[in-house]
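Student: I've got a new model open and I'd like to talk through how it's put together. Can we go over it step by step?

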Amino acid sequence: MKNTYEKIIAAAVCVWNEDYSAPLKSIAKEAGISRMTLHRHFCGREAILLALAEDFVEKIVLILNQAEKDQDVPIQQMEYLVKNTHRLVEDYNFLFDLFEQKGRPEDLVERFKRFEDLFEAFFIKLKEQDIIKPEIEFRWANALFEGVMKSGFRMKQKGFDRDVNLAELIWGAYQSAIFTPEAIQQYGTDV
């Protein structure tokens, strides 16, 4: 059985994916605990939000590490990262809208910086292998990464994901944007 902290985190994701403005009592109810118990673990909304952001970043870092560990082909490493990040984003979709709002906690940005630093190191390794288009710099690749994730999120929000495999569409768009055609052809991935 999950401990109370994990129950609260899972409940917050569930509740806030439906309605980020939902009160803390909704999270407590979803977690099957009292509001007092919730406050023993978190002092308020922002504390829960930062814990969720940390949880998200830990999971995306794990995906990146798994990609590098389990895949031998560089493009397949990126494919693993893109597709599995998309799946993770589906679980934490409220973070996208929140992240773009003015007045968001600055700590939220700092949490994501950890992933960006690791992603940059990963990207540089791929760039050194001459499989990334020469004009693509990390800032652009990172913005594209965020962009394709947001596009997938928006497609799902609007219900346009019923007849398509969003992970495949996202991957196709991303790979054709950053990898050289020669690298895509050499590694036999489909666009």
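Student: How are helix 4 and helix 5 oriented to each other, roughly parallel or roughly antiparallel?
Tutor: Keep in mind that this is a predicted model. The axes of helix 4 (residues 45-70) and helix 5 (residues 74-91) come within 8 Å and cross at roughly 155 degrees. Angles over 145 degrees count as roughly antiparallel. Helix 4 and helix 5 are therefore roughly antiparallel.

Student: Which residues of helix 5 make the contact with helix 4, and what is the hand of the crossing?
Tutor: On the helix 4 side, the contact uses F56, K59, I60, I63, L64, Q66, A67 and E68. Helix 5 answers with Q77, Y80, L81, N84, T85, L88 and V89. As for the hand, the crossing of helix 4 and helix 5 is right-handed.

Student: How is helix 5 oriented to helix 7, roughly parallel or roughly antiparallel?
Tutor: Helix 5 and helix 7 (residues 106-128) pack with their axes 10 Å apart, at an angle of about 155 degrees. That angle makes helix 5 and helix 7 roughly antiparallel.

Student: What is the hand of the crossing of helix 5 and helix 7, and how many charged residues does their contact have?
Tutor: The crossing of helix 5 and helix 7 is left-handed. Helix 5 brings P74, Q77, M78 and L81 to the contact, while helix 7 brings F115, F119, F122 and L126.

Student: Now the largest pocket: which helix gives the most to its lining?
Tutor: The largest pocket holds about 210 Å³ of space, and 18 residues line it. Helix 1 (4-18), helix 5, helix 6 (94-99) and helix 8 (138-157) each supply at least two of the lining residues. With five residues, the one that gives the most is helix 8.

Student: Which residues lie nearest the centre of the largest pocket?
Tutor: By class, the lining has seven nonpolar, six polar and five charged residues. Nearest the centre of the largest pocket are N17, N93, F94, F153 and Q157.

Student: And for the whole chain, how many helices are there?
Tutor: The C-alpha trace spans about 60 × 35 × 35 Å along its principal axes. The chain has zero strands, and its helices number 10.

Methods: Residues are numbered from 1 along each chain as its sequence is written. This is a predicted model: local features need pLDDT of at least 70, side-chain atom pairs count only at pLDDT 80 or more; totals for chains, interfaces and linings use all residues. Side-chain values use heavy atoms; hydrogens and water are left out. Axes are lines fitted to C-alpha atoms, for helices over the stretch in contact, and angles run from 0 to 180 degrees between N-to-C directions. Helices (H or I, at least four residues) and strands (E, at least two) are DSSP runs, numbered from the N terminus. Angles under 35 degrees count as roughly parallel, over 145 as roughly antiparallel, 65 to 115 as roughly perpendicular and the rest as oblique. A crossing is left-handed if the near helix is turned anticlockwise from the far one by less than a right angle, and right-handed if clockwise. Contact means heavy atoms within 4.5 Å. On a 1 Å grid over the protein atoms alone, a cavity is a set of points where a 1.4 Å probe fits but cannot get out, and a pocket is an open set with protein on both sides within 12 Å along at least five of seven lines; lining residues have an atom within 4 Å of a point. Grid points are joined across faces, edges and corners, and a volume is the space filled by probe spheres set on the points. Ala, Val, Leu, Ile, Met, Phe, Trp, Tyr, Cys and Pro count as nonpolar, Asp, Glu, Lys and Arg as charged, and the others, Gly among them, as polar.
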